[in-house]
Amino acid sequence: MGLKVVSSAIISFSLLLLLASTAKAQSNGVFDVTKYGGKEDITEALNNAWKDACASTNPSKVLIPSGTYSLRQVTLAGPCKAAIELQVNGILKAPVNPDQFSGSHWVNFRYIDQLTLSGSGTFDGQGNVAWSKSTCSKNKNCEGLPMNIRFDFITNGLVRDITTRDSKNFHVNVLGCKNLTFQHFTVTAPAESINTDGIHIGRSTGIYIIDSKIGTGDDCISVGDGTEELHVTGVTCGPGHGISVGSLGRYPNEKPVSGIFVKNCTISNTANGVRIKSWPDLYGGVASNMHFEDIVMNNVQNPILLDQVYCPWNQCSLKAPSKVKISDVSFKNIRGTSATPVVVKLACSSGIPCEKVELANINLLYSGSEGPAKSQCSNVKPKISGIMSASGC
């Protein structure tokens with residue numbers, strides 16, 4: 001009997017120590033990683049703080065204070081019992097060597113409802129070595145490199161004031177998400193960084209990218225299959241490859257793309273402006289209800305491009321046309337300067353011509369020796385209204 005009493009006392013004391021430790025680690029619902037032993041490398045501290053915060057029945061916050069920290073590959077998963085926020089005020093540095101990663105991410109948020117990622121901090125992917133070793137610019141089967149941040153199956157989420165820098169691959173990948181907003185979000189990488197799309201969205205609904213600045217080596221924003229209700233407003237893009245829907249039609253069973261709205265954006269010194277692209281010959285698909293409006297172009301190559309013969313690295317057949325159906329597309333109030341004489345190019349599929357394409361108030365100037373500015377259209381008869389600075393279509 002005495003042994004049972006002693007054992008019970010030991011268990012109770014251990015429980016009290018655990019509760020005291022947890023209470024010390026968190027204050028007013030804030031779980032500070034430095035209270036979990038996080039100093040230079042915060043991987044384990046972040047994992048432990050996240051587990052405690054995720055288990056809280058009240059809204060909670062995991063805090064990474066100001067400072068510079070190493071962070072190895074990590075997955076922060078739900079479901080959590082209440083709304084949860086990760087506030088990053090410091091600089092997080094990824095391992096330099098890509099071999100230290102397994103899979104396609106550095107930081108992965110998964111299966112969380114009511115997630116907020118906030119703070120003045122930076123996710124630094126330290127991608128320079130990876131770009132120099134990557135064969136992605138020459139080889140269609142390039143080796144996989146980790147993305148800075150993946151959002152998988154997030155609902156009702158907000159990402160604000162965060163910076164992602166020098167990712168080894170895409171900066172952000174959004175998959176299977178619903179109602180996720182990026183606000184005052186910054187993406188930064190040099191123009192020569194390979195395959196570093198700023199934000200890639202696929203199979204998601206209700207994604208908002210607002211008042212953000214994206215400069216990288218590939219598409220500022222790229223839209224994959226299954227994307228519906230994407231709203232891009234007040235974004236500055238450059239350097240990079242512009243804002244792109246696609247590429248589409250490369251894989252079987254792609255989901256439709258619908259409800260793409262890009263407004264009040266500025267695109268500068270990029271390889272493309274606003275672009276829709278699909279592969280020839282391969283697989284079918286549908287893309288409709290896509291609208292680009294009130295956009296300023298500064299020294300942009302291919303400011304308006306609808307390209308259904310997209311075939312990088314000559315890795316596809318041009319013998320058959322694209323099987324992707326594109327319809328209900330508008331380009332309105334687009335102005336500025338082009339780095340090339342063809343300021344509008346609509347190259348639609350000869351097998352399934354584009355339908356309901358509108359050009360309204362297009363005032364794009366080209367001042368080079370190959371001028372004046374012109375437009376080119378094939379397999380489409382666009383409705384043209386208002387100013388049209390480039391004849392040809």
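1. Bear in mind as you look around that the model is predicted. Thr164 belongs to strand S12, which covers residues 163–165.

2. What does the side chain of Thr164 make a polar contact with? The partner is the side chain of His171, at 2.9 Å. If you set aside neighbours within four places in sequence, the residues in contact with Thr164 are Phe123, Asn148, His171, Phe185, Thr186, Val187 and Thr188.

3. Now step back to the whole chain. The secondary structure comes to 3 helices and 31 strands. Along its principal axes, the C-alpha trace spans about 95 × 40 × 35 Å. There are 393 residues, and 50% of them count as buried. The chain exposes about 17,100 Å², with carbon and sulfur atoms supplying 51% of that area.

4. Contacts across the sequence deserve a mention too. Take the contacts with a separation of 6 or more: 74% of them are between residues 24 or more positions apart.

5. Next, follow a run of strand pairings. Strand S11 (residues 147–160) pairs with strand S13 (residues 172–175) in the parallel sense, over 4 bridges. Here Arg150 has Asn173 of S13 as its bridge partner. S13 is also joined to strand S16 (residues 199–202) by 4 bridges, and these two run parallel as well. On that side, Val174 is bridged to Ile201 in S16.

6. Besides its bridge to Asn173, Arg150 forms a salt bridge with Asp152, and the closest N and O atoms are 3.1 Å apart.

7. How many salt bridges does a search of the whole structure find? The answer is 10. Among the residues involved, Lys93, Asp124 and Arg165 are linked in a network of salt bridges.

8. One is between the side chains of Glu355 and Lys325, at 3.2 Å from N to O. This pair links distant parts of the chain, with Glu355 in strand S29 (residues 355–365) and Lys325 in strand S27 (residues 323–338), 30 residues apart. Glu355 is partly exposed at 43% relative accessible area, and Lys325 is partly exposed at 22%.

9. The other joins the side chains of Lys332 and Glu358, at 4.0 Å from N to O. Again distant parts of the chain are linked: Lys332 sits in S27 and Glu358 in S29, 26 residues apart. Lys332 counts as partly exposed, at 27% relative accessibility.

10. Finally, a helix. H2 (residues 43–55) has 13 residues and reaches 19 Å from its first C-alpha to its last, close to the 18 Å expected at 1.5 Å a residue. Which residues of H2 are buried? They are Thr43, Ala45, Leu46, Asn47, Ala49, Trp50, Ala53 and Cys54.

Terms used: Residues numbered from 1 in each chain as written. Predicted model: local features only at pLDDT ≥ 70, side-chain atom pairs only at ≥ 80, totals over all residues. Heavy atoms only, no water. Pairing = 2+ DSSP bridges. Expected span 1.5 Å × (residues − 1). Buried < 20%, exposed > 50% of the residue type's maximum accessible area, 1.4 Å probe, protein only. Polar contact = N/O pair within 3.5 Å; in protein donor to acceptor, adjacent residues only side chain to side chain. Contact = heavy atoms within 4.5 Å. Areas by Shrake-Rupley, 256 points an atom, 1.4 Å probe, with all protein chains shown as cover.
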